[in-house]
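Welcome! Take a moment to look at the sequence and the 3D picture, and then let us walk through a few spots together.

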Amino acid sequence: MRDKTAIVGLGATPYYRRGASSPQTLEELVGKSILAAVRDAGLAVRDIDGFAYFAGGFDTGLLTETLGIPEIRFSATLTGTGGGSAGSIGLAAAAIVSGQAEVVVCVGANQQGAQRFGSITSAYPATPENAFFSASGLVGPGHMFALLARRHMHLYGTTRDDFAEVAMAIRANAVTNPNATLRKPMSREDYFKAPMLADPHCLYDFCLENDGAVAVIVTSLERARDLRQTPVRVLGSNHGGARDWGRSIYWMNMPDETFASSGHAAVAKRLYAAAGVDPKDIDTAQIYDHFTSQVIMQLEDYGFCAKGEGGPFVRSGAIRRNGGSLPVNTDGGQLSCGYVWGMTHVREAVEQLRGSAVNQVPDARLALVTGGPSVIPVSGLILAT
Amino acid sequence: MAIAQRPPPELFKLSTNAWTQPFWDATQHHELLAARCADCGQVRMPPTPFCPCCQSQKIRWQSLSGRGEVYSYTIVERAILPGMEAHLPYVTAIITLDGADGARLISNLVDVDVAAVTVGMPVQVVWDDAPHAGVAIPRFKPVEP
């Protein structure tokens, strides 16, 4: 699959504050992002013949009906939740390389007016598995991941100052991005003054809760060369995960060597092999930042530093856009720019490789994108100019 | 000093299947069970239809002492749902259960100063009857080592 497909179109709605996208419907936001992506690519709606989703996906029948797409040849969804964002590009590439479709839309969107994601686990249905955590007060993902963060601190000496550095480095990128939700600079003092939600996670360790949609168009590299934009080549996109990770935050019985991680190690290894590159080749990384602590654990799982060294790695300034060896979440990430199920990270990687990013990394040629650490599957994506 | 409370009781929603029912039945008389594979001895938590090591479906239910230690924890200090305020702070903890080969339970620490909680703290089960669900919820409090 290496180097046979490319991202050729990019479209997004504004990143709205939670609930502020009303009265637009979720399908309307999705449709707007798709139409923008098609225009950006220099294609027409009638060219779309496939959808590759994640996190439950959307109603292909309704999208086809309302957008006027003549025929769908491929419609599939990666299982799991936000873990599939980066992997949905691979699903699209698989459809194209296998000849099932030619122009495939990958789209992520959320609207949190009725149910905020911060407390989403408290709204899960009663199941035999959920009965083993529902009494304990793990009301949201940030509360669950706090347990992994605490274990990481215990095992490796990671500190809240390390989490603060992730929050501040990513905020610094949002400050210079007009699209970002939070543009006020954050100091160490600001971080430590923030309310503690689920110790050790304070407010600034949590991502934003936005409404919005981001869509990209994937097609064959051959066809991409004739389109309007410089193709952003898909070198690799893998998903899955090891049994030791499993249901992860809903299970909490991961072996000790896996517990305080992002669950990405197995996927990272396959992704680098599939793309034919090493961590040192990556110019910028868009790391799924639902929580600061999970950025640190993903940096370890993707081999930018050794296991347990994520704290010292970020403390050295490595992920800073100015002066760091690996600029991370250059748009301000989901912590400070906008949260759209990780598709914001795909968007920013494409912008960086086109050379059109607001906070452009000089000579960015290779970008890593990760999907959200959660239940299997998790996923990763490597893109190139 | 802030004593750890119990999370809002309405958060607990019981649903069972044939594989988890014995665990919850035992809680009615305050007994903590582990599902141990009757063929290879592997413990799985929560109980599921197959042993991940040998794929056997045979379970030998093992009665546990209710002792264990804190594997990790989070102190919840702020309400993000209506009605949470009256129950703060509470401590959600993962407990490594004694006698269960490292199997862990997601639970709470109660009757403890939240500032005194540490990873590795020895604990003992306490039972909170949940009449609306017809079972009891295992929670934990610190004990002397």
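## A tyrosine in a loop

Where in chain A does Tyr15(A) lie? Tyr15(A) sits in the loop between strand E1 (5-12) and strand E2 (16-17) of chain A. Strands (E, at least two residues) and helices (H or I, at least four) are DSSP runs, numbered from the N terminus.

Tyr15(A) is buried, because 23 other C-beta atoms lie within 10 Å. Here, buried means 20 or more other C-beta atoms within 10 Å of the residue's own, exposed means 12 or fewer, and partly exposed is in between, with C-beta atoms placed from the backbone. Leaving aside residues up to four places away in sequence, Tyr15(A) touches Asn179(A), Thr181(A), Asn210(A), Gly212(A), Cys337(A) and Gly338(A). Two residues are in contact if their C-beta atoms, placed from the backbone, lie within 7 Å.

## About the model

This is a predicted model, in which local features need pLDDT of at least 70, side-chain atom pairs count only at pLDDT 80 or more, and totals for chains, interfaces and linings use all residues. Residues are numbered from 1 along each chain as its sequence is written, while chains are lettered from A and ligands numbered from 1 in the order in which they are written.

## Helices around H10(A)

Helix H4 (residues 141-156) of chain A packs with helix H10 (residues 292-301) of chain A at an angle of about 55 degrees, their axes 9 Å apart. H4(A) and H10(A) are therefore oblique to each other. Phe145(A), Leu148(A), Ala149(A) and His152(A) of H4(A) meet Ser293(A), Gln294(A) and Met297(A) of H10(A).

Helix H5 (residues 160-175) of chain A also meets H10(A): their axes come within 8 Å and cross at roughly 95 degrees. H5(A) and H10(A) are therefore roughly perpendicular to each other. Axes are lines fitted to C-alpha atoms, for helices over the stretch in contact, and angles run from 0 to 180 degrees between N-to-C directions. Under 35 degrees counts as roughly parallel, over 145 as roughly antiparallel, 65 to 115 as roughly perpendicular and the rest as oblique.

## Where the chains meet

How many residues does the contact take from each chain? Chain B gives 31 residues and chain A gives 32 residues. On the side of chain B that touches chain A, strand E4 (67-76) of chain B, strand E5 (90-97) and strand E6 (104-109) each supply at least two residues. E4(B) gives the most, with five residues.

Strand E6 (residues 196-199) of chain A pairs with E4(B) in the antiparallel sense over two bridges; pairing requires at least two bridges found by DSSP. Asp199(A) has Ile75(B) as its bridge partner in E4(B).
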